[in-house]
Structure formats: structure tokens, C-alpha cells
Amino acid sequence: MADEPRIFSGIQATGRKTLGNYSGGFRQYAATQEQGDGFFCIVDLHSITVEYDPRDFHESTLDVAALLFATGLDAERSTIFAQSHVTAHAEAAWLLSAVTSYGQLGRMTQFKEKADAHEFVSAGLFTYPVLMAGDILLYRTDIVPIGDDQRQHLELTRDIAERFNYRYGETFTIPQGVFPEVGGRVMDLQEPAKKMSTTLSTEQGAVYITDESDVIRKKFKTAVTDSEKEIRHDPEAKAGISNLLEIMSVATAEPVAELERRFDGSGYGDFKEAVGEAVVALLAPIQERYRELRADERELQRLLAVGAEKARRASEPTLEAMYERMGFVKAEAGRLFGAARPRGL
Ligand code: TRP
């Protein structure tokens, strides 16, 4: 519908997805799709900016696609697609590089951090935020739900949009970022002062969405707590227990205060077991749907093709307008060899 806000989010195609990704990402996408016209893009073109294994990349892209559908995104209601299936993204990135400042790209914190961490620094790593700006701007996006670490990239996107609009005429909507409130973060089970992370957590510290039930139970049983006995939400003094309360709240949709009451007087052991069971119950139906989709690659491909078609239609007018306003000569298909062939040729 035209009066619904346009919402766009990009999901990385690589990395095993954790309970933190579920809480701060997948769960929000499914909720977001009720609030507007949602576009959820698996950003596979971004994945090749750092060293990667092509076979792993291929599989993890399909994994992420299956997870998006398994966690409740609806291919009819929303547009779920792979970035590389819509060529407008690569084209938009090139066009937008004309209105992106080299200096500003060099000041991106994520670029500096990743560049320091890798021996080979690709040109794509440097221009990564331009590709991201194109993702967002092609769809005239109003709202971008995004992690806190992406603030700078969103600011750059807004600068790029404004510079383009100023130079070539009003073309882009200036997008707004929506950042999750800090309370919604899932912390590492072994080191509750740290965020649960695909890249930084240990195997025991992170719960993966596709972990077997027994593995999940064990991870909760061995979760770090403290030397007190009280089940109370106090992230400063009791990081482990507070994290478990928050995870339980994500799994059962019960407010933390209610959970504190429910577990008042329980021992840590029983509490940890209850949290483990709640997470198993939360993930079981998601895992079942995920496995079905992963076993039926044709169905997964069909769902992605539906999304790609919708995304192409939605982005095409913007890309056309960009070319036109920038002064490109329009290619006229069939001019030489088609019906309109001039005499004498
Ligand atoms: N860079 C984002 C991240 O690391 C992923 C991303 C790519 C994205 N394109 C996007 C997010 C567009 C939001 C909108 O999380």
C-alpha cells in the first residue's frame, strides 16, 4: 500500500546465526513486516569484500534465506530477496560512487577496523558503504532497522542521498535509522559482559539457532552466573542472571519482572534448566521449518525468485531516474536491428 512506510533491512549472508541474531534481527523482521512495506535483502554482494570460501558462502546464503522464512517472514506480505538477484544494486553502487567522498569513506570505523584485521584489503571493503547506500536508496526507504554499529553507514547514506538530490534534482527519500534499545541485547553465556557474537563468542558461549536441543540444554546448564542465590535483574551486578532473564523473556514473551516473581526462591540450577527448555521450545518449530526448506532447494529458490521479481519492479524506476538525471543517454533496445531499422542500414 502506498501510505505504508517503506522499510528496508539488509541481512548478512555469512556467519552462523545466533540467538542474539534471532532476538535483535529475525524476530524484529517478522514484527516489522506488520508495520509497513518490508524489504529484507540478503546482502550477498557485501560478503565478497573480505576473504571467504565460495562453497561455504553458497551454503550459508541458502541457510540465511531458509531462516528468514522459518522465523516468520511471508513471501507474499514482504519482499525477501538476494541482493545479487537484482542487478540494480551493483549499478546503483557505481552511480552513487560519483557523489561519495573518498575522504568520508576512509573515515568509516568499520572499514578501518576490518582493514586492520585483514592482510589483503580489497577495494570492495572500502566501497562497501556505497553499495549499502544503494540498497537503501533504490527502494525510497523511509525506515532502516539496523544495528548500532551501522549508524555511521546510515549517516553516510543520508549524505549521499542529499548530495545526489542537490546535484541532480530530488530523487531519493532521506532514510531514518531505527536502532534497537540496548535492553534487547543477548549476551554471551560464558562471558555475560560481552555480546553474543558469531565471530567473537566461543562455541559454549553462543547458542546457534540451528543447535540441537540437547546442545542448547547443555549450554544453558553451564552458563555463568554469580555467587549469590537471588534471581534478580541487575545487569551491573548480575550480568549472567540478568541475561538469562532476558533470554527467557524473549523465549516466552513474559516480562522480566514477572519472571523474577515466578522464579523467586528457585535455585540457579532449576532456573537455568527452565531457560534452556524455553529456548528449546522457542526454536523447535523454527528448526523444523528451516530443515524442510533446506531439504527442498527448489522451493527456497522459488520463494527467492518471487522476492527478486518484486524487488526488481520496485527498484527499476529509481535506477532509471538516476541514469536519466545524471545525463546518461538512454539505450534504445532494438534500434538497429529491430522494426525501426532506418533505411540504408
Ligand atoms: N552493513 C550491514 C551490516 O553489517 C548489512 C547491510 C547491507 C544493510 N546493506 C544494508 C543493513 C542495507 C541495512 C540496510 O549489518
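**A buried glutamine and its surroundings**

Tutor: Leaving aside the neighbours within four places in sequence, Gln150 is in contact with Gln110 and Met132, where contact means heavy atoms within 4.5 Å. This is a predicted model, in which local features need pLDDT of at least 70 and side-chain atom pairs count only at pLDDT 80 or more, while totals for chains, interfaces and linings use all residues. Residues are numbered from 1 along each chain as its sequence is written, and side-chain values use heavy atoms, with hydrogens and water left out.

Student: Is Gln150 buried or exposed?

Tutor: Gln150 has its place in the loop between strand 4 (143-145) and helix 8 (151-168); helices (H or I, at least four residues) and strands (E, at least two) are DSSP runs, numbered from the N terminus. Buried means under 20% relative accessible area, exposed over 50%, and partly exposed in between, with a 1.4 Å probe and protein chains only. Because its relative accessible area is 9%, Gln150 counts as buried.

Student: Which residues line the largest cavity?

Tutor: A cavity is a set of points, on a 1 Å grid over the protein atoms alone, where a 1.4 Å probe fits but cannot get out, and lining residues have an atom within 4 Å of a point. Helix 6 (109-117) and helix 7 (123-138) each supply at least two residues of this lining. By class it has four nonpolar, two polar and one charged residues, where Ala, Val, Leu, Ile, Met, Phe, Trp, Tyr, Cys and Pro count as nonpolar, Asp, Glu, Lys and Arg as charged, and the others, Gly among them, as polar. The lining residues are Gln110, Phe111, Lys114, Leu125, Tyr128, Pro129 and His153.

Student: What is the volume of the largest cavity?

Tutor: The structure holds one cavity of 30 Å³ or more. Grid points are joined across faces, edges and corners, and a volume is the space filled by probe spheres set on the points. For the largest cavity, the volume is about 40 Å³.

Student: How many Å apart in space are Met196 and Ala206, C-alpha to C-alpha?

Tutor: Met196 has its place in the loop between strand 5 (176-178) and helix 9 (213-221), and its relative accessible area of 5% makes this residue buried. Beyond its neighbours within four places in sequence, Met196 is in contact with residues including Thr18, Leu19, Val186, Asp188 and Ala206. Met196 and Ala206 are ten residues apart in sequence, and their C-alpha to C-alpha distance in space is 5.7 Å.

Student: What is the N to O distance in the salt bridge of Glu254 and Arg262?

Tutor: Glu254 is buried, with a relative accessible area of 19%, while Arg262 is partly exposed, with 44%. The side chains of Glu254 and Arg262 meet in a salt bridge with an N to O distance of 2.6 Å.

Student: What is the phi of Ala253?

Tutor: Most residues other than glycine have a negative phi. Ala253 lies in the loop between helix 10 (239-252) and helix 11 (256-262), and counts as exposed because its relative accessibility is 70%. Although Ala253 is not a glycine, its phi is positive, at about 65°.

Student: What distance separates the centres of domain 1 and domain 2?

Tutor: The chain is divided into domain 1 (6-182 + 297-325) and domain 2 (213-294), with bounds that come from an automatic or database domain assignment. Across the two, 16 residues of domain 1 are in contact with ten residues of domain 2. Taken over C-alpha atoms, the centres are separated by 32 Å.

Note on methods:
On a 1 Å grid over the protein atoms alone, a cavity is a set of points where a 1.4 Å probe fits but cannot get out, and a pocket is an open set with protein on both sides within 12 Å along at least five of seven lines; lining residues have an atom within 4 Å of a point. A salt bridge is a side-chain nitrogen of Lys or Arg within 4 Å of a carboxyl oxygen of Asp or Glu.
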